[in-house]
Each structure stands twice: as C-alpha cells, then as structure tokens.
Amino acid sequence: MADTQYDIVIVGGGLIGASLACALKSTGLAIALVEAVSFRSGTQPSYDEKMLSLAPASCRILDGIGAWRAIKSHGVTPIEHIYVSDRGNWGKTRLSASEFGIPALGYVVSARVVGLSLVRRIADTHAAELYCPAKVTAVETDTDGVSVSVDTEGSAVRIRCRLVILADGGTSTTRGMVGIEASAKDYGQTAILCTVTSASPRPGTAFERFTSTGPLAMLPTTGDRYAVVWTAKTDDVERILCCSAEEFLERLQVRFGDWLGQLTSPSRRRPYALKLIQVKHPVGRRALVIGNAAHTIHPVAAQGFNLGLRDVAVLAEVLATHLKHDRDIGRKEVLNNYRDRRRHDIRNTTRFTDALIRIFANERPHMVVGRNIVLNALNHLPDAKSALMKRAMGLNGNLPRLIRGLSLID
Ligand SMILES: Cc1cc2nc3c(=O)[nH]c(=O)nc-3n(C[C@H](O)[C@H](O)[C@H](O)COP(=O)(O)OP(=O)(O)OC[C@H]3O[C@@H](n4cnc5c(N)ncnc54)[C@H](O)[C@@H]3O)c2cc1C
C-alpha cells in the first residue's frame, strides 16, 4: 500500500500542535495532525480543566489564527491588576494595566475552551487532516523526507512528509526518534489546582504570593470564583490532596492570607508534578520540536503556553516566508532560521522562571532582604517595571507578524 503524503505532520494535537495547524492554514500546506487522545474525552491531557493566564501577545496570536473570537465567546476574565508578595515579609509590588495604557495585563481562560475552539477552527477551515485518536509510534527521517508510523485504534498507517513537527509535550517519546536530546530537572514540587469562592472578591485582580514551599497564585475567574495554583513540596502533596475540604481551606487561607476574605467551596483538587525540561537543539533532520516538548517550564509566571504560542507564530512566519521563495521547508537552513529567531526568548523565559523559584525558595537573610527590596523598589521604578511587564506580556524584542496584527507574509 502506498504511503499517504502530506507536506507536514504535526505530532501532538495539544494546545500547541492545534494552534500550529490553525496558523499554517493560510500557507496552503497539506498538514496531518496526529493526536493520541480523543479531543472530547474527559481525559484529554492538554485540554483539561486548568485555567490559563494568557498574555496580550498570545491573544493577538490566537486572534490572528482565527480562534480568539470563539474563545472569548465562552467567557474570558481580564486581569487588570496583579499583586505580587513574599509571604511573611514586607516586599510587595502592584501592577496595573492602566499604568501601561492597556485594557488588561492578561486574560484567564480554561485550557479546555482554548483547545476545543482550536479544534473547531481546524475542522471548520479544513486546516489539517485530523488523525485522532491516533498515536505516532515511529519517525524515520532521510534526506528526501520523513516516514511517520501512526497507530489508529489497532490499524497502522504510514505517512510520508517533508517535515515533521513534534508537539507531543514534555514527556515526548518522538524527540528521541529523531535524535533530539532533552534534559530534565525535577523541581521536587507539585502544583495543586482547584477553584474556590471568595467572600470578598476583587474583580480583575490576580495574586502571586511567594511562600517558602513554593508560589501560590490566585487567578480571577467568573463571579466570585478564583482559580488556585498552589505549588507545594512533592512530599506534602498527598496530604494536601487527600485532606478534608475544611482542612484544605484552612491550610490555603494560612498560606494566602485574607486578601480575598474567607475562601470556601473548593472544587476537585488536581496535581501536576513540576519539571524543567529543555532541548539543547530543537532541530533534527527534517524535524523540529516546539512547545512543551522543547521547553517545559515552571508555571510560576504563567508562561508555558504563552511561550509555545510564540514558537507557533515564528515558525508559521518562517515557513510561509521560505515557501514564498519556493524553498524546501524541511531543509536545515529553514529550520535553523526558526531556531535562531526563537533562541533568546526561550532561553530568557526559561531562565527567568527558574530563577524566580530559586530566589524565592532561598531563606538566607541577604537573599530575603534583597528580593524584598526589589519587590518594593519596582513600585517606584516605572522603567524597570515596564521592561519586566513587556517581557511577561510577550511584547518585547523582535515581534513576529502575528503579534503585530499582520498576516504571515506581505
Ligand atoms: C499547573 C500548570 C499551570 C499552567 N498555567 C499556565 C498559564 O497560566 N499560562 C500558560 O501560558 N501556561 C500555563 N501552563 C503551561 C501549559 O499548560 C503548557 O505550556 C501547554 O499545555 C503546552 O502545550 P503542548 O501542546 O506543548 O503540550 P501538551 O499540553 O503536553 O500536549 C501534548 C499533546 O500531545 C499528545 N501526544 C503525546 N504523545 C503523542 C504521540 N506519540 N502521538 C500523538 N499524540 C501524542 C498528547 O496526548 C497531548 O494532547 C501551566 C501548566 C501547568 C502544569
């Protein structure tokens, strides 16, 4: 039987793989998107119940690829203020959208809504051929192309393409198949996610509170509900997950304080073990790795999906530009062009989130004093604050066209 042919196979239809399929629609490339877990199953790992904070740059990318309107119609919560504090110390910083002349510092939205809106967009626009549920079991590259073996509920399919893009998440099994190595560091921390009701909600206000056992974020969602991202030492997780709702709320309130009044009605608690996973070189022969498969970072500054979306915006632009000049999109020169354009953002964002964890876990007196001085000083240093926020909002450096509100190519 002859192999099925496409220009590109995207491995993994999670948030990043699905975003890329939408982004590439305007290039006219023939794309196969292979996803292991059914999109509508309650167990889809990428489109789960977690609430994501989306940076303004990400909203522009999602708008440019045609998904933002549908996401917004399901309800998104703007973040107008962020309070950052160091529990038990005096350092505090307040950030407000109005300081930067923008309506919101970010938007809170459920991962499930983002994922399903992307899949709907792919189906409506025929952006890609969906293989789902289907698992990529082997990838073999040669100088002319790539052979991808796909297992679709018992039957095997072989797809031939010019370029394979690996977006199969932090636990990627396909990176190794194309010779891309990854390193992993265990943070020894687990994020516990749930939602709670606040007796004194502050609409549009998010909180990031650093504690000795890890950061605790509270993100505003609809009405008086808040999404909790409680990072705990992995040794304590079982206790926090299994204790009664009363004990959980008591412990949460001690950690968070009274900023939102009494916290009640916790939803189901879900754990996410936290690791830093990085590839040194995202490029293989006719292969490229993006999103969490290339860089899985700590959720402390809510940057993971935002960073991956910037991979998508740059990659779509690079491929569209080389296509315009009739170049083979699987060639090293094309893939290296992507790598060079992404190198700084990926490195800086990864280092920033990793440094935050180390700095706020360090209880040496000089470190505690130093970080609290910085937190307070930021309130009086508008230029430093603005530089920091531009980075967090994905609006610094050489911006890809989708973030600038332009189509992929002139
Ligand atoms: C607690 C927590 C909070 C977070 N909060 C935020 C936030 O506020 N803002 C933000 O920007 N980011 C946040 N993130 C990060 C964000 O969730 C990830 O960056 C994002 O999900 C990465 O998407 P991905 O598609 O790269 O990988 P994944 O979500 O891991 O998706 C990979 C997909 O590939 C599929 N797959 C795997 N292997 C195969 C195979 N062999 N064949 C076919 N398919 C395969 C999987 O089924 C999955 O659907 C958070 C993360 C955590 C853990």
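## Basis of the model

Residues are numbered from 1 along each chain as its sequence is written, and side-chain values use heavy atoms, with hydrogens and water left out. Because the model is predicted, local features need pLDDT of at least 70 and side-chain atom pairs count only at pLDDT 80 or more, while totals for chains, interfaces and linings use all residues.

## The shell around the ligand

The ligand is surrounded by 33 residues, of which E35, S46, S53, N292 and F305 are the closest; a residue is near the ligand if one of its heavy atoms lies within 4 Å of it. By class, the residues of this shell divide into 17 nonpolar, 12 polar and four charged, where Ala, Val, Leu, Ile, Met, Phe, Trp, Tyr, Cys and Pro count as nonpolar, Asp, Glu, Lys and Arg as charged, and the others, Gly among them, as polar. At least two shell residues come from each of α1 (15-23), β4 (51-54), β10 (135-141), β14 (182-198) and α7 (304-324), and α7 gives the largest share, three residues. Helices (H or I, at least four residues) and strands (E, at least two) are DSSP runs, numbered from the N terminus.

An N or O atom in the side chain of N292 is 2.8 Å from an oxygen atom of the ligand, and a backbone N or O atom of I16 lies 3.0 Å from a ligand oxygen atom. A polar backbone atom of A302, in turn, is 3.4 Å from a nitrogen atom of the ligand. Taken alone, the ligand exposes 1,000 Å², and the protein buries 89% of that; accessible areas come from the Shrake-Rupley method with a 1.4 Å probe, and for residues only the protein chains shown count as cover.

## The loop residue G14

G14 lies in the loop between β2 (8-11) and α1, and with a relative accessibility of 10% it counts as buried. Here buried means under 20% relative accessible area, exposed over 50%, and partly exposed in between (1.4 Å probe, protein chains only). Leaving aside residues up to four places away in sequence, G14 touches E35, S46 and Y47, contact meaning heavy atoms within 4.5 Å. The C-alpha atoms of G14 and R120 are separated by 13 Å, the two residues being 106 residues apart along the chain.

## Salt bridges

The structure holds 20 salt bridges, each defined as a side-chain nitrogen of Lys or Arg within 4 Å of a carboxyl oxygen of Asp or Glu. In the bridge between E333 and R331 the closest N and O atoms are 2.5 Å apart; E333 is partly exposed at 36%, and R331 is also partly exposed, at 42%.

Within helix α8 (residues 332-361), D340 and R343 are three residues apart and thus separated by about one helical turn, and the closest N and O atoms of their salt bridge are 3.5 Å apart. D340 is partly exposed, with a relative accessible area of 37%, and R343 is partly exposed at 40%. R358 and D354, four residues apart in helix α8, are likewise separated by about one helical turn, with 3.4 Å between the closest N and O atoms of their bridge; D354 counts as buried at 10% relative accessibility. Salt bridges also link R310, D311, R342 and D345 in a network.

Technical notes. A polar contact is a pair of N or O atoms within 3.5 Å; within protein, one must be able to donate a hydrogen and the other to accept it, and residues adjacent in sequence count only if both atoms are side-chain atoms.
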